[in-house]
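Consider the model shown below. The report covers an interface between two chains and the fold of a third.

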Amino acid sequence: MYAQLVDTGAKRLKTLEEMSPEERAFQEKIDADIKIEPKNWMPEGYRRTLIRQISQHAHSEIVGMLPEKNWLTRAPNFKRKLQLLAKIQDEGGHGLYLYSAMETLGADRDEEVAKLHSGEVKYSSIFNYPALSWADMGTIGWLVDGAAIVNQVVLQRTSYGPYSRAMIRICKEESFHQRQGYQILLDMMRNGNEEQKAMVQDSINRFWWPALMMFGPHDSDSPNTAQSMAWKIKRMTNDDLRQRFIDQTVPQLEYLGCTAPDPDLKWNEERGHYDFGEIDWKEFYDVVKGNGPCNRDRLRTRRKAIEEGSWVREAASAYAAKQKQKNAAA
Amino acid sequence: MNQNQALFEYLLRLGDSDMVLAQRLCELVGKAPALEEEMAIGNVALDLIGQARSWLEYAAELEDAGRSADDLAFTRDERAYRNLLLVEQDNGNFADTMARQFLFDLWHYHLLSALSQSSDERIVAIAAKGLKEVTYHLRRSGNWIKRLGDGTEESHAKMQEAIDEIWTYAGEMFIADEVDSLLADAGIAPDLNALQQKWQSDLTTTLEEATLACPPMDAFMQTGSKQGMHTEQLGYLLAEMQFLPRSFPGASW
Amino acid sequence: MSDWTLFEVFVRSKHGLNHKHVGSVHAADPAMALENARELYTRRSEGVSIWVVPSAAITASSPDEKEPLFDPSDDKVYRHATFYDLPKEVGHM
């Protein structure tokens, strides 16, 4: 998802008997659905994994502003410009809510951002794809936010209190994001000319598979899932989330009058789910490793903002120190 | 020129300045010196786009020529644009951005305060709503002028240079033409001299607090925006902003 | 940005009686913290009043001490309005 490959450091689950008394009490709390709060005792692995997961999630929100920014300055009318800016700004806000939750675990935002900039910590692979047409603003809202929401809705029940509360707030605010995107596409399909309709289909063709990749590798290739599920920092497996997303998205796709670039996509009466083709995992890992079309550009933009802003932040600190001195003297 | 023509022209000036500055702020997404600042810039841009839409909707109704606010914003050429030269200037560094913002906010604040007393009810409504937003914009940009001016040596130098550089575009805000005079006489728009005095007095106070020197008021000032004579920067800004409506004439989005 | 301070943010909403903790912001000084909190936590006009407090200035109880700190008041039902059964005729109080 927004945090796709989070290492828990545990390849096997401990049984309750193998745990220390503190750890057992902790696990029993989680099993009883009691939220873990910042000052509660927690295993180091839980804390570290959460910091990684929440920071990746936050980084994704911040980097995720960039593909949309690419069209914000070209939004075609007042209504769309306002909606898109509000959405982008929400994403910045959601990044900040998440950093704020992360900092309750004793992590430092600046340090975690530095890890992003050095490439040590990732953000969602989806934001390494370019936004090439206005229709992409629709597709990103509909498919990318749609995929994110599927994950975030279940994360509202995550075991860590501040993370769960951030998710609840984010889900409440994001409800308009996906509608905003779908409406862009729907308007183009219903009222647009042939060129605009082709733009929509082309956009879906480009974003369909990358959106499915957002849920991460197959469960069979996710050695960290068991531990994350036991800690309830993940509430559904990658494959289950992906299936849920596809099942709810295909009818919307059909309503648009568009198709998915997947010949194997069809309803399976027996399973009660849609079947779909195999994801190109080589592409997924290539993008994760930094070889997507926009990886370098995205990181360069973020690094530059922070580097070029350093004199501004220093000035603000210097001014604050001077004011404090003045007030003390007065 | 009759009063309606003057008013139409005046509304374009108000709307265009808001829109062009908002477009400049949109360019800054992903580039702010802190994430918190990203949020602030977004809020200001949202307010300005909203205000631009209100002014241009009124302009479109007044013109009654089948053009919408969107048509006015997204299909007029640079020679038809009426925004202040000040707001079309590049973002530059953060000091440049804030110098431009502060000079504008200060003018905007006093202008909307005056327009809230206009004899035109529609203008009063738009101005009163905008004034609440701009009061906050002004406080924020004023604080940045002080932080950067009285921050570090480096920031002080950058802030001073930014003010000095943009200064030449500040003057035209107060140079009245036929439109301004006609509307001032009708009690619709404020007298620009009175506006300038308030602006100048507030500016001096803030710059002093920021340990910055105020450039001379009688310096040479660039003019022309009221006649659609812009700097070269506006054309690129509009080319980007108007790309879709111009590439797909008549298409709906 | 390391020398910017972490501030905890409390917002009182339009219909809320008390300030409620909503999260944190980074800022160089309290005035900036207030501005940043306004930009971040009241985008949907949620708030009518904001408090910011340097995170370092907050002393929090440990949730593990929840029982000694809070359980004693569990039996002080008389502190709660519902304890007082009034005849219906008295109306809302």
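How much area is buried between chain A and chain B, and what percentage of it do carbon and sulfur atoms give? The buried area (accessible area, 1.4 Å probe, that two parts lose on being put together, summed over both) is about 4,300 Å², and carbon and sulfur atoms give 69% of it. On the side of chain A, the most area is lost to chain B by A:Phe78, A:Gln89 and A:Trp311, together 20% of what that side buries.

## Basis

This is a predicted model, in which local features need pLDDT of at least 70 and side-chain atom pairs count only at pLDDT 80 or more, while totals for chains, interfaces and linings use all residues. Residues are numbered from 1 along each chain as its sequence is written, chains are lettered from A in the order in which they are written, and side-chain values use heavy atoms, without hydrogens and water.

## Contacts between chains A and B

Contact (heavy atoms within 4.5 Å) involves 49 residues of chain A and 49 residues of chain B. The rule finds 3 salt bridges across this interface, a salt bridge being a side-chain nitrogen of Lys or Arg within 4 Å of a carboxyl oxygen of Asp or Glu. A:Lys326 and B:Asp150 meet through their side chains in a salt bridge, at 3.9 Å from N to O.

## Chain C

Chain C has 2 helices and 3 strands (DSSP runs: H or I, at least four residues, for helices; E, at least two, for strands). Along the sequence the pattern is β-β-α-β-α. Of its 93 residues, 32% count as buried, meaning under 20% relative accessible area with a 1.4 Å probe, protein chains only.

Terms used:
Buried means under 20% relative accessible area, exposed over 50%, partly exposed in between (1.4 Å probe, protein chains only).
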